[in-house]
Amino acid sequence: MFGDPKPKIAGILCARMASSRLPGKVLARIGKMTALEHIAQAFRGAGYPLIVAVPENSAWDAPLIQKAREIGLEVFEGHPESPLHRMTAAASHHGLEHVI
């Protein structure tokens with residue numbers, strides 16, 4: 001629709017705290033920032049009008065969700081077994097035409 005202020009493109013971060021090799025890596029510090037902050041900074045630097053973190057809908061991801069909101073990211077919690085489902089549901093929820 002003409003004049004719709006809602007962004008139609010976004011950067012989507014499929015992130016979660018659970019990992020078999022390095023649990024919590026998304027909040028690991030790399031220098032002065034967490035990995036999540038570095039990724040968000042890269043998306044912002046590229047000019048994305050909307051950045052959405054899509055963690056699992058689980059208590060394990062609570063610290064990730066909190067950090068994402070603290071740094072100004074949108075959060076869309078989704079299916080714990082399917083990263084693709086989380087990303088497509090987040091895109092649909094935000095009315096996105098393109099995602100990176």
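The legends below describe close-up views of a predicted model.

In this predicted model, local features need pLDDT of at least 70 and side-chain atom pairs count only at pLDDT 80 or more, while totals for chains, interfaces and linings use all residues. Residues are numbered from 1 along each chain as its sequence is written, and side-chain values use heavy atoms, with hydrogens and water left out.

**View 1. The largest nonpolar core.** A nonpolar core is a set of buried Ala, Val, Leu, Ile, Met, Phe, Trp, Tyr and Cys residues joined through side-chain atoms within 4.5 Å; buried means under 20% relative accessible area, with a 1.4 Å probe and protein chains only. This core has 15 residues, of which L13, V26, L36, L64, A68 and L73 touch the most other members. At least two residues come from each of α1 (35–45), β4 (51–53) and α2 (62–70). Helices (H or I, at least four residues) and strands (E, at least two) are DSSP runs, numbered from the N terminus. A separate second core of 9 residues includes L50, V52, A90 and L96.

**View 2. Strand β1 and its partners.** Of the 5 residues in β1 (residues 9–13), 4 are buried. Two strands pair if DSSP finds at least two bridges between them. Strand β1 runs parallel to β6 (residues 98–99), joined by 2 bridges, and A10 stands opposite V99. Strand β1 also runs parallel to β4, through 3 bridges; here L13 has A53 as its bridge partner.

**View 3. The surroundings of T34.** T34 lies in strand β3 (residues 33–34) and counts as buried because its relative accessibility is 4%. Beyond its neighbours within four places in sequence, T34 is in contact (heavy atoms within 4.5 Å) with V26, L27, A28, R29 and K67.

Notes
Buried means under 20% relative accessible area, exposed over 50%, partly exposed in between (1.4 Å probe, protein chains only).
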